[in-house]
Amino acid sequence: MLRMFFMSNFENPFKDFVFSLPEDKLDLLIECINNRKDYDLYGVTNLEDAAIKYGRKPMCPKCSCENYIENGHTPAYHKRFKCENCGCSYTLLSDSVFNSSKISFHKILKYIQLMTFNVPLQQCIEVLEISSNTANLWRNKIFQTVNGYQDTLQLSGRIWIDETYIEDYNVLGSDYINQKPRGLSKTQICIVVAIDSNKNMVAIICGHGKPSSDRIYKTLHNHIRPNSIIVHDGEKAHNKLIRELNLKSEVYKANTKDSSYFEKMGLINNMCSWIKRYIWRFIGMDVENLQTYLNWFIYLQRCKRDNDKWPKSERILRHLILERTRYTEESQLFLRIASKHSWCKPLKTGKIV
Ligand SMILES: [Zn+2]
């Protein structure tokens, strides 16, 4: 084994060359190799070419006019456009999350890839050799891009629905440990989960404690096509939804001794436990961001389902590139404020094309 290692090193025709390079030249070589790898995988080596590939059109960031004159290059060799309407100068990536970003194309793609496996932030920082600020910023940008993803999702045919609960440590009093409340208390956040036979799914926060019929209706009615079949545990809180959307109800009461219960409700039970397991990664998280994490979870499930047709990293990159937004500290603040006051609604920031 050891001999093979030496042999393979000895036989590598580039070894002497690479070891003789000074630091700065070695960096250039690594960059070049990374470009080549990106080209083989994505057909492009930089963000601007990727924007052209995915069909991003030049559009004035000030007045949204699409008529322009080509106007040379920026010092960083980005094509420059001049708006025919207001005279504003811009590039293809002005008005995008990549505007004046310093992180390389290769690192962005690697970062997206790590995020699709929900790798902890600290690990991303180490693996990619980026600062914690950069890692945080890009995580927020990626989260925001898919944040509106669940808004337009609609389930149909046979739909399983259920609720799952997680503890909201933010509202727990200091005496909680001594006096654990019984049953479902106001300290638990309710997440309504639904999945249909095509594996379309939604997971939306539905307030604290056991939800009322109104709350369930408000949370799910836009996501369920009328006249569908709903498969559930017969919870009374589902009644308004069933009535208003004219759903056919199929009830399986939770009974651990009945094997047909597991068979009929396996899909939704599994989904609930996956969500719980996923949320545990964010322990100590800001609960205000919980809906954002759920949006990301649902988005990833969809990407995994379609991964054969469309590799997930590239799909996320395309969303980021086509997004027309300017990311500021304020928009991050907006994200948090919005989530605080709209438990039942997914956040409106970010659009999926
Ligand atoms: Zn303009």
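Colleague: Which element supplies the largest share of the lining of the largest pocket, and how many residues is that?

Modeller: The largest share comes from α3, with six residues. This is a predicted model, in which local features need pLDDT of at least 70 and side-chain atom pairs pLDDT 80 or more, while totals for chains, interfaces and linings use all residues. Residues are numbered from 1 along each chain as its sequence is written, and side-chain values use heavy atoms, without hydrogens or water.

The space in the largest pocket is about 730 Å³ (the volume filled by probe spheres set on grid points joined across faces, edges and corners). On a 1 Å grid over the protein atoms alone, a pocket is an open set of points with protein on both sides within 12 Å along at least five of seven lines, a cavity is a set where a 1.4 Å probe fits but cannot get out, and lining residues have an atom within 4 Å of a point. The largest pocket has 29 lining residues, and Lys102, Ile103, Ser104, Phe105 and His106 are the closest to its centre. At least two lining residues each come from α3 (23-42), α4 (47-53), α5 (105-116) and α6 (121-128) (helices are DSSP runs of H or I, at least four residues, strands runs of E, at least two, numbered from the N terminus). By class, the pocket lining has 12 polar, nine nonpolar and eight charged residues (Ala, Val, Leu, Ile, Met, Phe, Trp, Tyr, Cys and Pro are nonpolar, Asp, Glu, Lys and Arg charged, the others, Gly among them, polar).

There are two cavities of 30 Å³ or more in the structure. About 40 Å³ is the volume of the largest cavity, and its lining consists of Tyr149, Leu153, Lys199, Asn200, Met201, Ile298, Gln301 and Arg302. Helix α11 gives three of these residues, the largest share. Four of the lining residues are nonpolar, two polar and two charged.

Helix α11 (residues 290-305) also meets α7 (residues 132-146): their axes come within 9 Å and cross at roughly 70° (lines fitted to C-alpha atoms, for helices over the stretch in contact, with angles from 0 to 180 degrees between N-to-C directions). The two helices α7 and α11 are therefore roughly perpendicular (65 to 115 degrees). On the α7 side the contact (heavy atoms within 4.5 Å) uses Arg139, Ile142, Phe143 and Val146, and on the α11 side Thr292, Tyr293, Asn295, Trp296 and Tyr299. Six of the residues in this contact are nonpolar, two polar and one charged.

Next come the sheets. Five strands form an open sheet with mixed pairing, in the order β6-β5-β4-β7-β8 (strands pair if DSSP finds at least two bridges). The edges are β6 (201-208) and β8 (248-251), each with a single partner strand, so one side of each has no neighbour in the sheet. From one strand to the next, the twist averages 25°. Within this sheet, β4 (residues 158-167) and β7 (residues 229-232) pair in the parallel sense over three bridges, and Trp160 stands opposite Val231 in β7. Helix α10 (residues 259-280) packs on the sheet, where it touches β4, β5 (188-196), β6 and β7, and its direction makes about 30° with that of β4. Helix α11 packs on the sheet as well, touching β4, β5 and β6, with its direction at about 165° to that of β6.

An open sheet of three strands, with antiparallel pairing, runs in the order β1-β2-β3. Its edge strands, β1 (68-73) and β3 (89-91), pair on one side only. Four bridges join β1 to β2 (residues 79-83) in the antiparallel sense, and Lys82 in β2 is the bridge partner of Ile69.

How values were computed:
Angles under 35 degrees count as roughly parallel, over 145 as roughly antiparallel, 65 to 115 as roughly perpendicular and the rest as oblique.
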